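This report goes through parts of one protein model, with the sequence and the 3D structure alongside. Keep both open while reading.

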Amino acid sequence: MCEPSPGACALADTSVSQGEAADRAAELCELGILDTAPERSYDDLAAVAAHVCGAPVALISLLDTSRQWFKAEIGLGKRELGPERTICTHTVASGGELIIPDLAEDPRTAGSPLVTQDGFRFYAGAAIRGQEGTPLGAVCVLDRVPRPEGLDAAQRATLAALARQVSTLFEHRRTMARIADREAELAASERRFRVMTSAMPQMVWTTLPDGFHDYYNDRWYEFTGVPYGSTDGEGWNGVFHPDDQERAWARWRHCIATGEPYEIEYRLRHHNGDYRWTLGRAMPIRDAEGRIERWFGTCTDINDLKRAEGEARQLAAIVEASKDFIGLAGLDGRVDHLNEAALALVGLPDLAAARALAMADFFTPESRMILADTVMPAVARDGWWEGELAFRHFGTGEAIAVLYAIFPIRDATGAAAGYATVTRDLREAKRSEEARDLLIRELSHRIKNIFAVVGGLAALTARSDPAAKPFAAAFRERLGALARAHEYVRPHSPDSAPAVAGQTVLGLMRLLMAAYVEDGRERVAITGDDVEIGERTATALALIMHEQATNAVKYGGLSRTGGQVTLTGDRRDGRYTLTWAETGGPEVTRSPTRKGFGTVLAERSVAGQLDGLLEHDWAPGGLVMRLDVPVANLRF
C-alpha cells in the first residue's frame with residue numbers, strides 16, 4: 001500500500017531524516033511489493049536465515065508508513081504487525097545491522113508488546129537496501145529466549161548476505177516490471193535493459209523462449225574471460241565444471257519445458273582457470289496470455305560462502321570424531337555444545353540434556369570449588385587454564401579424573417563470546433600409573449630384602465671364619481650405606497616416605513651422617529646449595545661418603561673429640577661441587593702412599609657412574625675432598 005489507511009497510526013520514524021522515510025515509501029510503492037502473494041524465492045531466504053541462525057522466527061520485513069509488512073515469514077504466522085511491535089526501525093536507525101541479545105533488557109524495546117505480550121527476547125536484523133541505498137526493511141530473526149552471545153561471525157555475515165540477496169531480488173522484480181511496462185517500446189527497453197544489467201554486480205543473461213542464450217552482461221565476460229558472443233546458444237555449458245554440465249543441462253531443459261523458475265548451484269570456470277561455485281537463477285517473462293517471451297537469469301558467485309560452509313562442516317566433523325571431551329559454553333556458563341565423546345564420558349543421553357546444564361554441573365563438589373576459586377579467575381587473568389579436576393558421571397555418580405583445559409572464545413569483533421574446553425579422560429592413565437607404582441614399590445621391597453640377605457651372608461661368613469671378620473664388618477657397613485641410599489630414593493607411599501624432606505643430595509647426606517651425632521652435637525655440618533638426586537647417583541654417593549666418613553673416624557677429623565667436618569654443596573654453571581673439609585683431627589704430614597679399597601671404589605664410582613672428578617687435598621689442617629659432577633647426571 002502506498003498511502004496510510006484513514007485513521008492509521010503512523011509508524012514512528014527513526015530514520016536518519018524525514019527525506020529518507022519519504023524515499024522508502026516511494027521506492028516501496030514503485031516496487032509494488034507490498035501485499036503481494038508469498039513467493040518461494042523469498043520464503044527460501046527466510047528459511048535459510050532461520051536455519052543458519054537457529055531461530056524459530058525469521059522475517060523479510062518491509063516498513064510501510066503505518067505498519068510492518070512481511071514479504072516472507074517463518075514461524076510467526078502473521079503477514080504484518082502494527083507500529084507498536086516494530087523493532088526493524090531500530091535496525092534502520094543503527095546503520096544497517098542490529099543485534100539485541102535481550103529485548104527485555106534494552107530500553108528501546110523493553111516496553112514493546114512484542115516483548116511483554118508476545119514473549120520475544122532476542123532479535124537480530126540486517127537492513128534491506130533499495131536501489132539508492134535507502135533502507136526498506138530488514139531480514140531479521142527472533143527468539144523467545146535471550147542470547148547473550150548474539151550471533152557468531154558466520155551467522156552475521158549470512159544474515160547480511162541474505163539482506164543483499166533480497167535487495168537483488170527487488171532489483172530483479174524492478175527489472176521485470178520495467179521490461180513489462182516498456183514492452184511496446186522495444187528499442188528503448190533494450191537499451192535501458194543493457195545499461196542496467198551492465199551496472200549490476202551479478203552476471204546477467206537472457207534467452208529466447210526455447211532457451212537459446214542471446215545476451216550476457218559485462219560481468220559474465222569479466223568473470224569467465226571468454227570472448228564476447230562465444231557462449232551464445234549452447235556454448236555456455238562449456239564453461240561449467242565437467243562434473244556439473246549434465247546436471248545443469250537436465251535442470252535447464254526441465255525448466256524450459258515446464259516454465260518453472262530455474263535455480264541451481266554449479267562450478268563456473270573463472271578467467272584464472274579456477275572453478276568457483278555459482279548460484280544460477282532464471283525467471284520466465286510472460287506476455288498477457290501467459291506465454292513465455294524470454295528468460296531472464298543471473299549468476300551469483302557464492303564460492304566464498306561455500307568454502308566457509310565446507311570449513312565449518314570439516315571442523316564439526318573433527319570435533320565429533322575426537323575422542324576427547326570438547327565443549328562450548330556461553331559467557332553465563334550454560335552449555336552450547338558437546339561432542340559425542342563428551343556426552344559418553346559423563347553419561348548424558350543427548351545434546352538437549354547437556355544444554356540444560358551449566359559448566360559447574362559437570363564437576364564433583366571439590367572440583368566445583370576449584371573451578372570457581374582458581375580456574376575461572378586464571379582464565380580471566382591469563383586467558384587459559386589447564387590442570388587435573390574431576391567430572392561426575394550423571395548416571396552413576398562416579399568421579400572421573402580428567403585433564404581439564406579451558407580458554408575463552410571471541411567473536412569477530414574480539415569481544416568475549418563464551419568458553420571452550422578440550423578435556424581428556426585420565427582414568428586409564430591413572431590406573432596404569434597406579435599399577436606401575438605398585439610394581440616399583442614391590443621391586444624396591446625385594447631389593448631391600450636382598451640387602452638384608454647379603455648382609456646376613458656376610459655376618460654368617462664372619463662367624464665361621466674369624467680372619468674374615470674385618471672385611472665382613474666393612475662390607476656390611478658399605479652395604480648398609482647402599483641400603484639407606486636405596487631407601488631414601490625408592491618410590492614411597494605416604495606412609496613409608498622418609499622423614500627427611502625431598503630426595504636431594506644434602507638430604508641424603510643428612511641421612512647418612514645422622515650416625516655421627518655425638519651428645520646432641522652434629523660432627524658433620526651440612527650446608528650450601530642442594531639439587532635433586534636420582535637412584536643411581538644416590539648409591540654412588542652413599543658409597544663415596546660412607547668411605548670418607550669411615551676414614552675420618554679412623555684417621556681424620558672425626559677421630560678426636562673436638563674434630564669437625566664441614567660438608568658444603570655449591571651449584572654453579574651447570575655443575576655441582578660437594579666439598580668435604582676436616583678440621584681438628586691429627587695433623588696431616590703427607591699424603592697416603594697407597595690407596596685403600598674404599599678410595600679406589602669411590603674414584604671408580606665418580607668417574608664411571610657420575611662422569612665426574614674426585615680430588616683430595618691433604619692439607620696440614622685436615623683433608624679436603626672435592627667431588628665435582630654435572631648437575632644433569634645427579635638426577636639419574
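The model is predicted.

Is Thr300 buried or exposed? Its relative accessibility is 17%. Buried means under 20%, so Thr300 counts as buried. As for its place in the chain, Thr300 belongs to strand β11.

## The sheet that contains β11

Strand β11 is part of an open sheet of 5 strands, whose order is β8-β7-β11-β10-β9. The pairing in this sheet is antiparallel. At the edges are β8 (213–216) and β9 (262–269), each of which pairs on one side only. On average, neighbouring strands of the sheet are turned by 25° against each other, with direction ignored.

Within the sheet, β10 (residues 275–286) and β11 (residues 292–301) run antiparallel and are joined by 9 bridges.

Two helices can be followed here. Helix α8 (residues 242–258) packs on the sheet and touches β7 (203–207), β8, β9, β10 and β11. The direction of α8 makes about 155° with that of β9.

Helix α5 (residues 153–181) lies across β10 and β11. Relative to β10, α5 runs at about 35°.

## The pair α2 and α5

Two packed helices are described by the angle between their axes and the distance between the axes. The axes of α2 (residues 40–53) and α5 come within 10 Å and cross at roughly 175°. Angles over 145 degrees count as roughly antiparallel, so α2 is roughly antiparallel to α5.

Which residues of α2 and α5 meet? From α2 they are Ser41, Tyr42, Leu45, Val48, Ala49, Val52 and Cys53. From α5 they are Gln155, Thr158, Leu159, Leu162, Gln165, Val166, Leu169 and Phe170. The residues of this contact divide into 11 nonpolar and 4 polar, with no charged ones.

Leu98 and Ile100 make up the covered face, whereas Glu97 and Ile99 are on the uncovered one.

Strand β4 is joined by 4 bridges to β5 (residues 122–129), and the two run antiparallel. Ile100, from the covered face of β4, has Tyr123 in β5 as its bridge partner.

## A sheet with mixed pairing

Another open sheet has 5 strands in the order β19-β20-β21-β23-β22, and its pairing is mixed. Its edge strands, β19 (524–528) and β22 (613–619), each pair on one side only. Neighbouring strands of this sheet are turned by 15° against each other on average, again with direction ignored.

Inside this sheet, 7 bridges pair β21 (residues 575–583) with β23 (residues 622–630) in the antiparallel sense. Across this pair, Leu578 stands opposite Leu627 in β23. Helix α16 (residues 535–554) packs on the sheet, where it touches β20 (564–572), β21, β22 and β23. The direction of α16 makes about 15° with that of β21.

How values were computed:
Residues numbered from 1 in each chain as written. Predicted model: local features only at pLDDT ≥ 70, side-chain atom pairs only at ≥ 80, totals over all residues. Heavy atoms only, no water. Pairing = 2+ DSSP bridges. Axes fitted to C-alpha atoms, helices over the stretch in contact; angles between N-to-C directions. Contact = heavy atoms within 4.5 Å. Buried < 20%, exposed > 50% of the residue type's maximum accessible area, 1.4 Å probe, protein only. Parallel < 35°, antiparallel > 145°, perpendicular 65-115°, else oblique. Nonpolar A, V, L, I, M, F, W, Y, C, P; charged D, E, K, R; others polar.
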